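Work through the exercises below with the model open. Each task is followed by its solution.

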Amino acid sequence: MTNTRYAGPIDRIAAAARTGRISRRDFMHYSMATGLTASAATGLWTGAARAQPKSGGTFRWGIHDGNTSDTHDPATYVTRQMIFLAHQYRSYLTMINPDNSLGPDLATDWEATPDAAQWTFEIDSDASFHSGRPVTARDVVASLNHHRGDKSASAAKPLLASVTDITADGDHTVVVTLDGGLADLPWLMTDYHLAICPANEDGSIDWQSGDGSGPYKIDSGEFGVRWSLSRFDGWHGEGAYFDAVEMLILNDPNARQTALVTGDVDCVSLIDLKTKALLERNPNIIVDNIPSGAAITMPMFCDADPFTDVKVRQAMKLAMDRDEIIEKIAFGAATKGNDFHLAPVQPYWPDDIPQYDYDPDRAKALLKEAGAEGISVNLSTTDSIFSGAVDMCVLYAEQAKKAGIKVNVVREPSDGYYSDVWLKKPFCLVSWGARPTPDVMFTLAYARGAAWNESHWDNARFNELLLQAKSELDQDKRAELYREMCLLMHDDGGTIIPFFNNFVFARRSNVVHPDQVAASWSCDGARAASRWWFE
Amino acid sequence: MSHFVLGYFAVLIAASCLAAYFGRRPVFMLLFVLTLASALAGLFGGVPALRFLTGAAAVLALAAGISYAFREFLAIVFGGEAERELKNAPLTAIFGLFVIAVYAIAAVFAPIIAPFGQAEVVSSAFAPADAHMLLGADQLGRDMFSRIIFGARNSVGIALMATLLAFFFGALGGLIAAVRGGVIDTLIGRIADVIMSVPSLIFSLLMLSIFGTSIVVIVIVVAVIYSPRVFRLTRAVAGNIVVMDYIEAARLRGEGDWYLIRREILPNATAPLVAEFGLEFCFVFLLISGLSFLGLGIQPPTADWGSMVRENATLISFGELTPLIPAAAIALLTVAVNFVVDWMLWRSSGLKE
Amino acid sequence: MGDVTKLIARRLVYGALTLLVVSILIFFAVELLPGDIAQAVLGQGATKETVAALREQMGLDQPAPVRYLHWLAGAVHGDFGVSLISGDRVSAVIGPRFLNTLFLASYAAVIAVPFAITLGILVALLRNSIFDRVANVVTLTAISSPEFFLGYILILFFAVKTSAFPAIASIGSHMSFGDLLYRSFLPALTLVLVVTAHMMRMTRAAIISLLASPYIEMARLKGVSPWRVIVRHALPNAWAPIINVVALNLAYLITGVVLVEVVFVYPGIGQLLVDAVSKRDFPIVQACCLIFAATFILLNLAADVGAILTNPRLRHPK
């Protein structure tokens, strides 16, 4: 399954796209599903008439969510500060392209055995670290092994759980062996933890020095405060138009917004949605509103009363006025959820599943059938999940009242929310980052016995389909399998998904980006510094 | 030059003439200063600045008028001794009393006064003010006016409880320490030192993370944080009284500690304590709103002024007034409380001039 | 002066004891916090295995009292350990940030203290006049608005509307002193507004409470001008409470500025402490709290000594 093998079908799809026989979404859908280098296809889609990028300038970038106690250790990356920084000074094997297809980073090429249980990655022979040492297969093996094994404390451990062995075959080839088929492995390599760091002699990695092989190298910096980077001339990729990048950690929404308005920074990674409309009026500022696969979920324990009855679960879903929530909480910057964990911008999204809409009467009727009229449930939440999290729960409580459901909003402390409330309280509010493929997401949070099965959902048919889809290399069949899984989640699942939140970031009007920006993270998949330029 | 500006200065000058004619020097000086300030403001700020000045002057005049009327009203209601006391009170103090009375009424009768419930969503987000919603809607479409009214009950109630509790602990500790002295004095003093030396925001951050953020916990934690300050003040004031001869005399009479505290020391220590109460009350208020800035405040959807300021604070950069309303409510109350406190202080200091 | 030395020595001993108690308190408070450092570091990505692995890496598998004593043994020798998360020395992490905090605090104090005391004397002189009332209302309004809100309003007027000062006070070691002053002006001004009212009111109250004293009456009857009465006769006796409240506010400038740091993105110690608490990084929390506690104790001591030195009567209590 080398990407060249897909050149044929892609050309045909692209041709169809050009003549308008195929929608852009379908095009994306197919090209993303193949997992190949899609830069050529992107070129076809976005057209040749594009402004030529210009080099130069210092890109001052305000980043939300940074902590003074962060470290360079990729195993413990958790804040945006580190995720964004890692995408500037480190490299990954693969990356999400601006059109949300999968593209090469350090790996120029990858192929799988027919059962998808063994993958081979070819490493770019031009790539080198900022220190001047070339990037070899040994570095890749060490970097991936950093997230495996008993001693590893990496948050990416579950992601690589099915990997049994990683070996270097010469200087530029890495072989990954799995305990079963995993068609999505190249997609997983885009995960922000899996950054490639220089290997030490003993097979561990040197994450402390801050050396990497990304487009910019770190000149100086302080965790939770600021980072100064300058262009690395030996970078293996294309782009990196800015001479230097200045990242400022601005946790306070007002500070970010003012810094942008006064021109102290050129771009901010997140704006307060309340002020979106006001910012848009400013002629010097452009607000980008990019739909993503990041979801807000409200898991209900399917094995705890009253949620054991599927009718109650459906009533809870029907008692939510998603439109009002999107209008008032997300200020329109969100995509309506339909209680299956797959967003329209993601591969395999099925477009024919009926939408849950606010219907308090039907919810009431369902509760009556279930003999659970006038139920009262506690909904745990906290402010830090996203801005407006508590408000959203309060709003939902008001809406559910009309369906005869009493929702008591419990504001838990932000501190320790994910260790003490999530997975422990039967009904709570959770925020999920986008996962590259449905398989990753479903395996993490919906499969039987998964550590993060937040709704305690156990559906035999779903689990069977999930296994089947994992090693299925035929795209149409896979799409059909995922459609059925989504339908099961929609009808039977214990998770309410009010919406998928958009990435809303803003830039000064002299900052230019290509027509398309990636939806994997805010600011073009956190790669704004290497993909954008000054006018 | 617009008609407004002409009229504005004409009125000022006419009023000055009247004041001069009737020989009211303070009034004349006030008007003179106002005229001068207006001329300067008009020179630099133009008509909008003048309009602002007019508005401010009108608000002041209204406040003074209300206070005046309220003073007469109080005098009639209470009569006798209180009447003379009230007649001598400065207008600011009466204004403070008036504001406190209004807040108290709002707090007690909140469900009757407020047109909507505090959590009730009645319109779209940030809907402008109309006949039904006096102050417009907040970010969820809840009636701002109703939330302010309920906020009076919640915010003031909690801050008041916490301050009272802090004063109870602090003053009691201080009095006992002063009367008993020795080991007890040292012990209580050291405990107070320990509590005070941990920054209040960090202390509450730790405590609220451990015990959760219910109202009871908030009140107790805040009271614990502020009681050492009250303790120190009480200890200092009572320390000065304890060495007085009349205390010595009472002790020789064989009076117990409790009697000394209640009958001899407390009455003489009230004035500084009351003065401190005013400031502490506003610090408690601010601490609670600072806590909600860090996400540890009062549970939603309970309306609370601190959280209300915080929720919409980013709008202020665009000159939107929404977050100013609850902030103004906080400011008005603290100013009012301190006006009254100043008056009490002035009365008790025996300084009448 | 022997009494004063003895007092200082005794207070220092008490201070050391207080610090010890504070350190025990903080240690167990951090222990009691829900969740532990391993979970906090891993965040949403924590599983049982990874948490256990991380706990072992950080040496958290030992019982709490053992860890406390271990830390205490180091601290007595001036070694506050290493950050559990980054592995850096605590002194290296805190040092530069503490200097930033001190800089901002002194900046604000240099403006606020003389300003507040002068204003306090002025309003005492002009008590019950329009000026007194206006100063009263303005300063009260300033302290009764939440700090972060004051900050936002200053940003609106000085950064967004007029761009006279930068909205974010990002300072670095390479900047000149003038540049530092310029960049951190808005946070300093916010702090000035926050602390001025308290000091001014105390100055005013302390002076006015003395005005009824017979010796002031005497001076006045002698025909001494009101200004002289206050500055030469009342003020010397009013220093004790004024110094006390100044010390309290100076301590606040150092220990209580978390919100201002957040609003202006100022790299001070408060933000570090809040981050460390949320990550349960005990050595950092402990060191920050001890610095704060020591600051507080020393300032208090200085206030008491100052009060005694300005008022001989306090040196010989009855």
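Domain bounds here come from an automatic or database domain assignment. The model is predicted: local features need pLDDT of at least 70, side-chain atom pairs count only at pLDDT 80 or more, and totals for chains, interfaces and linings use all residues. Residues are numbered from 1 along each chain as its sequence is written.

**Exercise 1.** Locate the domains of chain B.

Solution. Domain 1 covers 3-65. Domain 2 covers 110-349. The C-alpha centres of these two domains of chain B are 38 Å apart.

**Exercise 2.** Describe the interface of chain B and chain A.

Solution. Start with contact (heavy atoms within 4.5 Å). Chain B gives 30 residues and chain A gives 26. Next, take buried area: the accessible area (1.4 Å probe) that two parts lose on being put together, summed over both. It is about 2,100 Å², with 58% from carbon and sulfur atoms. Then look for salt bridges (a side-chain nitrogen of Lys or Arg within 4 Å of a carboxyl oxygen of Asp or Glu). There is one between chain B and chain A. It joins the side chains of Arg142(B) and Asp391(A), at 4.0 Å, N to O.

**Exercise 3.** Describe the interface of chain C and chain B.

Solution. Contact involves 49 residues of chain C and 49 residues of chain B. The buried area is about 4,500 Å², and carbon and sulfur atoms give 76% of that. Ser144(C), Phe148(C) and Phe149(C) supply 12% of the area that chain C buries against chain B, more than any other three residues. Finally, count salt bridges between chain C and chain B: zero.

Notes: Chains are lettered from A and ligands numbered from 1 in the order in which they are written. Side-chain values use heavy atoms; hydrogens and water are left out.
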